[in-house]
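Me: I would like to learn how to read a few local features from a structure. Can we take them one at a time?

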Amino acid sequence: MIKRSGGTGRLIVLDFDGVLLDTEGTSIAVWHRLLRDKAVELRRGISVRPDRTLDRDMLRRDLLDTVGRNRTQALWDEFERLNRAEADLLDAGAGVRPFLAHCRERGHRLAVASGNCRDWVESHLERLGIRSAFRSVHCAGPGVRTKPAPDTYLGALRASLTAPHQALAVEDSYTGLAAARAAGLAAVWVTDAPDSAVPPGPVTRRVRTLDELIGVL
């Protein structure tokens, strides 16, 4: 259970894809269209985890087995181009702007911990006009392992001089929840997955949109 703080500036560290911007749903839809248009049929279809996030590693293996290395790379390159174009049309996720405004009013400090690259995350934050809401942004890249490694969360803690027990993570994926747990943070799970989907560890709360947290933070 989340203990509400009285405007004490708690550190809240948010994932980007799937939490601040619904790029997970977009990427799955892009892959479905792309494979249909290219007449590529995978034996088990698009690989989606129970948390409704795209399993990119499994998808790449399935593509390699089906169409070979060269065509897999060509399909992946086309996906990246199409996915970026689609993502550039998206507004912030449901409840994001009210949640950010609430955190500003309550004096909470915000950071981003993303498994994606910095260019992707920073460019979208600027495009959406919400970059100034975050004191720091931490992304996977050279020397920073992607999730489920805890590196991006540990970076957010170091940048804010905050102990893990004083911070809260907000994640949408199993890998992200595992990363937050490995860094020692309690976590909220933002998901529209069915109730049968069970997270990889305990979560303090499960919500469908960020603004559901306004009453408890």
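Me: In which loop does Arg52 lie?

Reply: This is a predicted model. Arg52 sits in the loop between H1 and H2.

Me: Is Ala39 buried or exposed?

Reply: Ala39 counts as exposed because its relative accessibility is 68%, and the cut-off for exposed is over 50%.

Me: Which residues does a cis peptide bond join?

Reply: Most peptide bonds are trans. Here a cis bond links Lys147 and Pro148, with omega about 20°. Pro148 belongs to the loop between strand E3 (136–139) and helix H6 (151–160).

Me: How many disulfides does a search of the whole structure find?

Reply: A disulfide is a covalent bond between the sulfur atoms of two cysteines. The search finds 0. The cysteine sulfur closest to that of Cys117 is in Cys139, and at 7.3 Å it is too far for a bond. Cys117 is partly exposed at 38% relative accessibility, while Cys139 is buried at 8%.

Me: With which side chain does the side chain of Thr23 make a polar contact?

Reply: The partner is the side chain of Asp17, at 2.4 Å. Thr23 is part of helix H1 (residues 23–37) and is buried, at 4% relative accessibility. Beyond its neighbours within four places in sequence, its contacts include Ala87, Leu90 and Trp120.

Key: Residues are numbered from 1 along each chain as its sequence is written. This is a predicted model: local features need pLDDT of at least 70, side-chain atom pairs count only at pLDDT 80 or more; totals for chains, interfaces and linings use all residues. Side-chain values use heavy atoms; hydrogens and water are left out. Helices (H or I, at least four residues) and strands (E, at least two) are DSSP runs, numbered from the N terminus. Buried means under 20% relative accessible area, exposed over 50%, partly exposed in between (1.4 Å probe, protein chains only). A polar contact is a pair of N or O atoms within 3.5 Å; within protein, one must be able to donate a hydrogen and the other to accept it, and residues adjacent in sequence count only if both atoms are side-chain atoms. Contact means heavy atoms within 4.5 Å. A disulfide is a pair of cysteine sulfur atoms within 2.5 Å.
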